[in-house]
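Hi,

Here is the structure I promised to pass on. My notes follow below it.

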Amino acid sequence: MQQMTLAEIIQDIHAMDEELWHYESRYGLRTRYFIELYQAGELHDGDSLQIRDYSDWAACYEIKQHREELYETAMREVLKVAKKQPGISLSDLKRAWHPVPVPAAA
């Protein structure tokens, strides 16, 4: 199982945001509406480039969602410990970040 730091997870989230913006710009549609149409099987463009784009767009969205879930879970654990201290220092929080296990397929 692969390990990622919280900083790497944040970096992935921003990279996925850039990719999602690319698709949104190309097709003139926000990702949340694309995903709704894609998951309902309502997109019927026959162009092979578009079909591949749709698949890649959906995968990018899924990766971003997964990374956000990882970040939320890990950050809750870090904050649990940090809140026991008299004050929260962002520098101390950053030092408290430990690698998070990430399944190979994610």
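**What I found**

Helices here (H or I, at least four residues) and strands (E, at least two) are DSSP runs, numbered from the N terminus.

A word on the source: this is a predicted model, so local features need pLDDT of at least 70 and side-chain atom pairs pLDDT 80 or more, while totals for chains, interfaces and linings use all residues. Residues are numbered from 1 along each chain as its sequence is written, and side-chain values use heavy atoms, with hydrogens and water left out.

Back to α2, which spans residues 31–39: Thr31, Phe34 and Ile35 are buried there (under 20% relative accessible area; exposed is over 50%, partly exposed in between; 1.4 Å probe, protein chains only). Those three cover an arc of only 100° around the axis, so they sit on the same side of α2; the arc is taken from the directions from the helix axis to the C-beta atoms. Arg32 and Glu36, on the other side, are exposed.

Overall, the chain reads β-α-α-α-α-β, and 25% of its 106 residues count as buried.

I also get six salt bridges, meaning a side-chain nitrogen of Lys or Arg within 4 Å of a carboxyl oxygen of Asp or Glu. One of them pairs Asp12 with Arg67 at 2.9 Å, N to O. That joins helix α1 (residues 6–27) to helix α3 (residues 48–82), with the partners 55 residues apart. Arg67 is buried at 5% relative accessible area, whereas Asp12 is partly exposed at 23%.

Cheers
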